[in-house]
Every structure is written in structure tokens, then in C-alpha cells.
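Hello,

Here is the structure we spoke about, with its sequence. My notes follow below it; please read them with the coordinates open.

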Amino acid sequence: ITASHQQHNHLLEKAGIINKTKIADHGKKMRKNWTQSWTVLHGGILTFHKDPKSAPSGTASKTSQIVPEYTVDLRGATIVWASKEKSSKKNVLELKTRQGCEILMQYDTESIIGDWLKVILDAITQLDRE
Ligand code: I3S
């Protein structure tokens, strides 16, 4: 077991399907584009994957591939329930990174999004302690 593995294996990990949209990148506001995303938390990094449904029909990515769309470094990030002004949807989280990226994460089932809030908060706290 390597030192870096030891350092990271205590970090909580999670994967699942949620809806997400980036609303700012490096502090620059972006137009909302909600898509469903296979989302993975590993070692303090959150990876959002492309919606396979958005791939052109007949491409390999539609049938078999899981393609990363972007990653988010949770070190120094904040996450809160989003205010009503941010979205008309229910159960929306607002994640802000140190790099000026803002992402909304949503799922109609409250327990699912509540679990994401918990593990992301834990990961941020762990990273603070390192
Ligand atoms: O914050 P906004 O601009 O009201 O967000 C809505 C729009 O992005 C809308 O897209 P168009 O303006 O391209 O039609 C989306 O379809 C909505 O889902 C967005 O609002 P919600 O409240 O769903 O986040």
C-alpha cells in the first residue's frame, strides 16, 4: 500500500445518477443546460460523465462507453442547498469550487440528493484536515 493510497483510502466514495448543470466556470456565468449525469466521488474529486442519451445515435458512446465530461476538485469547495432564485426545481444543491466553478446538482428523490450532500461535505472536511 502506497503512502498516497493510505492518504486517500479514508475518503468516502460514491457514485450514482443525478441531474446537473454548470452555471459558472472560472467565475464566468454560463447558460444553464440540465443533463443527467453518472457522477462519481473518488479521492476528493467529483467526476461528471456525459449523458449517453446525448450522444449521436449509432455511436459507440451510446452503447458502451462512459465518457467523463468534467471533474471538480473539492478541496476548498463549498456546498449548500440552493436558494429558490437559483432554480425552480426541488432538492437542488449548489457546489462552488475554489476555481470559480458553480454547479447545481438535483434529484427529485430527496434522500438521494441528501446523501450526496453528506458525502461531499465529509470529503471537503477530510481534505481540510490533510
Ligand atoms: O435560471 P433560469 O434561466 O430560469 O433556468 C432555466 C432555463 O435555463 C431553461 O432553459 P432555456 O432558457 O434555454 O429554455 C431550462 O429549461 C430550465 O430548466 C431552467 O430553470 P430551472 O428552474 O429548471 O433550473
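Predicted model: local features only at pLDDT ≥ 70, side-chain atom pairs only at ≥ 80, totals over all residues.

β8 has a partner in β1 and another in β7. Strand β1, residues 14–25, runs antiparallel to β8 and is joined to it by 5 bridges. In β8, Leu104 has Thr21 standing opposite. The pairing of β7 with β8 is also antiparallel and covers 5 bridges. There, Leu93 is the residue opposite Met105 of β8. β7 and β8 make a hairpin, with 5 residues between the two strands. Gly100, in the turn of that hairpin, has a positive phi of about 80°.

Now the core. The largest nonpolar core holds 18 residues. Val72, Leu74, Leu93, Leu95, Met105 and Ile120 have the most contacts inside it. At least two residues of this core come from each of β4 (45–49), β7 (92–96), β8 (102–106) and α3 (110–129). The element that gives the most is α3, with 4 residues.

Leu74 is worth looking up in the viewer. Apart from neighbours within four places in sequence, Leu74 contacts Gly44, Ile45, Leu46, Ile120, Ala123, Ile124 and Leu127.

Next, the ligand. Which residues surround the ligand? They are Lys32, Trp34, Ser87, Ser88 and Lys89. By type, this shell divides into 1 nonpolar, 2 polar and 2 charged residues.

For the chain as a whole, there are 3 helices and 8 strands. Read from the N terminus, the order of elements is α-β-β-β-β-α-β-β-β-β-α. The chain has 130 residues, and 19% of them are buried. Taking contacts between residues at least 6 apart in sequence, 47% join residues at least 24 apart.

Last, the confidence figures. The mean pLDDT of the chain is 89, with 83% of residues at 70 or more. The ipTM of the model is 0.89 and the pTM is 0.87.

Regards

How values were computed: Residues numbered from 1 in each chain as written. Core = buried A, V, L, I, M, F, W, Y, C linked by C-beta atoms within 7 Å. Buried ≥ 20, exposed ≤ 12 C-beta atoms within 10 Å, placed from the backbone. Contact = placed C-beta atoms within 7 Å. Near = placed C-beta within 6 Å. Nonpolar A, V, L, I, M, F, W, Y, C, P; charged D, E, K, R; others polar. pLDDT = per-residue confidence, 0-100. Pairing = 2+ DSSP bridges.
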